Amino acid sequence: GLDGLEVLSPGGRSRTLPAAFTVVPGTSAALDAGATLVPGVVGVGQSVVLEVSVTNRGETAALAVALDVTQIGNAIEPPAQLPAPVDVGPGATHVFQVVYTAVSPGTAAIEVHAAGTDAATGAPEQTAHVPAGTVIVQVSEATRVLDDPFGPGTSFFSFVFGYGGDVFFGP
C-alpha cells in the first residue's frame, strides 16, 4: 500500500500518508466515434442512411450523448429530428441511425460528432469531428424534357439519359 509514504503538499510541506489512505485513480468517460453514409450513389426520392457508432472507452458512463451533424450540400434532406440522446456506459457502444431522403441531383457530405456529460465529474465529453462520407444523387433514368407537339399530348417527344463516357472531337 501507500501507507507511510511521504508526499509533498501543494504548499510545499511534507506529510506522511496514514495507513487508511486510499488512492483513487482518475476515471472519466472517453468517447470515440465512427460514421458511414450509405449507399454512396442514389436516385432522387431514395433513402440514404447515416450510421454513427459512439463508443465510451472510459471508466465511467457518458450521459445524454447526442449527435451534432454538419451537412454540406443540399442534395439530401435530413429528418425532422435527430435521434434522442442516450447514456453510454463504460466500454459500451451505441449506434445511432439517421435516415435522409435524396431530394435533388447533386452531392452532399456529412460530418458528425457526439457530445455528452461525464457521469463522475459532470464535465463535457465529446468525440472528434468524423467525416461520414459523400452521397451522389443522380437524376432518374430518364427525365421528360418536351411533350410531342404533334401528338395527342400522351406521348413524349424527347428524353435525356445520363451518360458517363468520354466524348472526343477532332480528326
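Q: Why is proline 83 called partly exposed?
A: Proline 83 has a relative accessible area of 25%. Buried means under 20% and exposed means over 50%, so proline 83 falls in between and counts as partly exposed. This is a predicted model, and the values here are computed from it.

Q: Where does proline 83 lie, and what does it touch?
A: Proline 83 sits in the loop between strand 7 and strand 8. Leaving aside residues up to four places away in sequence, it touches Leu67, Phe96, Gln97 and Val98. With glutamine 97, the separation is 14 residues in sequence and 7.4 Å in space, C-alpha to C-alpha.

Q: What makes threonine 60 buried?
A: The relative accessibility of threonine 60 is 13%. The cut-off for buried is under 20%, so threonine 60 counts as buried. Threonine 60 is placed in the loop between strand 5 and strand 6.

Q: How do you know that the side chain of threonine 60 makes a polar contact with the side chain of aspartate 118?
A: The distance for this pair is 3.5 Å. A polar contact asks for N or O atoms within 3.5 Å, so the pair meets the distance limit. A polar atom of the threonine 60 side chain also lies 3.2 Å from the backbone nitrogen of alanine 29.

Q: Why is the pair of arginine 57 and aspartate 32 called a salt bridge?
A: The two side chains meet at 3.2 Å, N to O. The limit is a side-chain nitrogen of Lys or Arg within 4 Å of a carboxyl oxygen of Asp or Glu, so this pair qualifies. The pair links distant parts of the chain, with arginine 57 in the loop between strand 5 and strand 6 and aspartate 32 in strand 3, 25 residues apart. As a general point, side chains of opposite charge can pair when their charged atoms come close.

Q: How many salt bridges does a search of the whole structure find?
A: The search finds one salt bridge.

Q: Are arginine 57 and aspartate 32 buried, partly exposed or exposed, and how do you know?
A: Arginine 57 has a relative accessible area of 59%, and exposed means over 50%, so arginine 57 is exposed. Aspartate 32 has 34% relative accessibility, which lies between the 20% and 50% limits, so aspartate 32 counts as partly exposed.

Q: What stands out about alanine 64, and where is it found?
A: Alanine 64 has a positive phi of about 50 degrees although it is not a glycine. It is found in strand 6, residues 62–72.

Q: Why do strand 3 and strand 7 stand at the edges of their sheet?
A: The sheet is open, with four strands in the order 3-5-9-7 and antiparallel pairing. Strand 3 (31–38) and strand 7 (76–77) each have a single partner strand, so one side of each is left without a neighbour in the sheet.

Q: How do you know that strand 3 and strand 5 pair?
A: Pairing needs at least two bridges, and these strands have eight, in the antiparallel sense, so they count as a pair. Within this pairing, threonine 36 stands opposite glutamate 51 in strand 5.

Q: What makes strand 4 and strand 12 a pair, and in which sense do they run?
A: Three bridges join strand 4 (residues 41–43) and strand 12 (residues 130–138) in the parallel sense. Since at least two bridges are needed, the strands count as a pair. Valine 41 has isoleucine 136 of strand 12 as its bridge partner. Strand 12 also runs antiparallel to strand 10 (residues 106–118), joined by seven bridges.

Q: Which bond joins valine 38 and proline 39?
A: A cis peptide bond joins them, with omega about -10 degrees. Proline 39 lies in the loop between strand 3 and strand 4.

Q: Which residues of the largest nonpolar core touch the most other members?
A: They are Leu50, Val52, Val54 and Ile76, out of 29 residues in this core. Among the elements that give two or more residues to the core are strand 5, strand 9 and strand 12.

Terms used. Residues are numbered from 1 along each chain as its sequence is written. This is a predicted model: local features need pLDDT of at least 70, side-chain atom pairs count only at pLDDT 80 or more; totals for chains, interfaces and linings use all residues. Side-chain values use heavy atoms; hydrogens and water are left out. Buried means under 20% relative accessible area, exposed over 50%, partly exposed in between (1.4 Å probe, protein chains only). A polar contact is a pair of N or O atoms within 3.5 Å; within protein, one must be able to donate a hydrogen and the other to accept it, and residues adjacent in sequence count only if both atoms are side-chain atoms. A nonpolar core is a set of buried Ala, Val, Leu, Ile, Met, Phe, Trp, Tyr and Cys residues joined through side-chain atoms within 4.5 Å. Contact means heavy atoms within 4.5 Å.
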